[in-house]
Structures are given as structure tokens and as C-alpha cells.
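Dear colleague,

I am handing over the structure below, followed by my notes on what was found in it. Please read them alongside the coordinates.

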Amino acid sequence: MTTALLVLSFEGLPLTAGHDTLFMCDTLCCANTHACCPALIADGPRGVRPVVVCTLYYNWSYVGPDGEEHWHKHYPFCGGIFQSPIDIHNDILQYDSTLLPIELVGYNLSLTEQFIISNNGHSLKMSLPPTMYISSLPFRYTAAQLHLHWGNRHHPEGSEHSVNGKRYAAELHIVHYNSDKYPDVATAMDKADGLAVLGILIELGSFHPSFENIFCQFANVRYKDQTIPVTGFNVRDLLPERLDEYYRYEGSLTTPPCYPSVLWTVFRNPVQLAHTQLVALETALYCTQENDPSPLEMTDNYRQPQEFDERRVRVSFRQGVVLSVVLASILGVLVIIAVACCLIRKKLRGKKEDDVNKAVVYKPALDKEEDISNV
């Protein structure tokens, strides 16, 4: 099934000027916007020609006929290179001393601010204000939204990234766009340097009060397209305590259209959720709308690990990264020493045998009668 995203703007005016309209429509309306949207066009600035941009979007899911193995049919980048997520394993890690601690600005949101939590049919999403940004990257990357990926109550391993084959219970993504070069996230999302995403791995453990700022709204966004305003809180509390230990690589969006436009920062240390919190996340939401006769639970909304091609994952920490290299080096040295010792022992044994042979004097045997006569 195909839908269309229609953007109606006006010539000569930037999208941020407040004259743009963004909405979903069917493909027929997209092809005949003047007939479908006369009121919107009439509301535009007098004498300014309307400009319509219409993009087709195909339905997708994680399983079934629209599942991830079919994404590439409508979204070619999903079958391309530099895709995410990946399994982060020792063989592809490379320590990089130039990687600085992540510096976040504006993450402690005021209680007077309001933001929108929504169910988009694929995940739970929360919009973020432009006052939040990452300041420690070459460009300023401004926050746009955060969302989660998780498994199900019977198989609670729903993180997208894995570490040495280990998948965590869930994963939080905080999406930022390059605001030094692009006016908004929609413009930036298909650019090579367009996005920067912080990945926070989540494991089963103790109760996390900060996540309740989001989870307490589950009942209000159970079904697709439902939204609810929420008051601000300290988003920094959703991240691990240490922001100086992380994995860094160039990858893609983990959902269609899978643009390879993401600078990924996956933190080494996970945060924890209590069992009750994780179960609530795995059972509270639906991919379908409220009036759908066949409701579908929102579970297992994670993409499988992708081929890593010939990329490298840079890491900001030494401990554990070079361990395998050190062990391999030590093992190599030990093998060399053992071989050398064997060769030395063999050589010494051969020399000793030569010395013994030289010390033995062989004399011809005397005749017995001669021996007696000489006495």
C-alpha cells in the first residue's frame, strides 16, 4: 500500500516562515493538489505562487510481506552499503585518541516546556526542541527526536546494536541533525553529514525513574497516530553516566529509507530498566489504529545486524579494546620463546652428545694370552 507525503510551501519563502503545510494524502490527491487543497493554497500569501513537493512513501514493517527483507524493493538504500545497525566486535575496533567526551547542551528541559510524545506505528517517539544539541562534533548537531527499539515479553532482546554478539533488552536513539548546514531534519536526513544519533543500550536491572517521564504516557498513545503533550524533564538522565566511552562509526538510518547519513555514537555502558518497566514497554503499544479490527502489538521493532563491509569502528577508550591484541601478542611471544627454548635445548643436547663422544677413547682388544705373558 502506498501513501504520499505532501509538502505545500510558497515560492520565495523558507519552510520556517510558517507558510508551509505538511500532511499525508493518497497518491491521487498528491497528483492533483490544486483540486484537493484549494483552501490551503488560498490561505497563502497574496501573489505568491504555491510550490508543491510530493514524495511517495511505501508501508513497511519488521515482519511479513512488508518486512525488512523486502525494504530494498521500495527503498534501494536499505540494500546498499554502510547500513546500520551492526554487531560491534573486537575485530573491527580501532582506538582513536582524538575522540572527545560527548558534550550536550540544553538537555535539562524546563518544566514549563511542552513536547509531543506520539505513536507512529513503528515506535514511541518524543519530539525535542532546537535548544538541545551536541557541541563536541565538527558541526553543531541539533536534537530532533528520540525513540526506542525493543523485543517482546518472551524474548526481551530488542536492541538494534549488539556487542560481541550480545543483544541488549532495548535501545534508545536520540536523533540530531546538522543545523550548521541544513535548516531541518527532513532536509538533512539524506545528506552524508546530515545526522548524528546517540545510541543508548538498555539492560534489565534496577528501576529507572527518568524513563517514567515517557512510560507514564503509554495509556495515552497506545494506538498508531495518537499523541500527547508532556512537560519537560532532564533528558540527560536517560543517558549513561559516562559520556567519554563510546563506539563511533558511519552508518545509516535503521528504518526506511535507510539513508547512509548517520554518524553513530553508541555508548559503551548500558543503562538499566526494571523488569516491570521493560514489560510495560513490550506490551503497552500497538502498531495499528484504535479502530482497527485486527490490532497488532508493537513488538520486536528492531532491525537485524547488517554487513559491516570494510568499515572500522573507532573507540574512545583503551581498556578492553586492545585486550585481544595484547593477548594475541603475548601468545605470539610465548610461542616464539617456547620454540626458541626447544631449539636451544636440542642444540645443547646435541653438543653434549658430541662432547661425550670425544671423551671416549676406543682401544683395540688385547689377546688373552698376550695379557698373561706381560704380567
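In these notes, buried means under 20% relative accessible area, exposed means over 50%, and partly exposed lies in between, with a 1.4 Å probe and protein chains only. This is a predicted model, in which local features need pLDDT of at least 70 and side-chain atom pairs count only at pLDDT 80 or more, whereas totals for chains, interfaces and linings use all residues. Residues are numbered from 1 along each chain as its sequence is written, and side-chain values use heavy atoms, with hydrogens and water left out.

The cysteines come first. The structure holds one disulfide (a pair of cysteine sulfur atoms within 2.5 Å), formed by cysteine 78 and cysteine 258, whose sulfur atoms are 2.1 Å apart. The torsion about their S-S bond is about 85°, so the disulfide is right-handed. Because cysteine 78 lies in the loop between α4 (71–74) and β4 (87–88) and cysteine 258 in the loop between β16 (246–251) and β17 (262–267), the pair ties together parts that are 180 residues apart in sequence; helices (H or I, at least four residues) and strands (E, at least two) are DSSP runs, numbered from the N terminus. Cysteine 78 is buried at 8% relative accessibility, and cysteine 258 is buried at 0%, while cysteine 216 is partly exposed at 49% and cysteine 287 is partly exposed at 21%.

The other site is alanine 169, in the loop between β12 (166–167) and β13 (170–178), which is buried at 8% relative accessibility. Its C-alpha atom is separated by 6.5 Å from that of tryptophan 150, 19 residues apart along the chain.

Best regards
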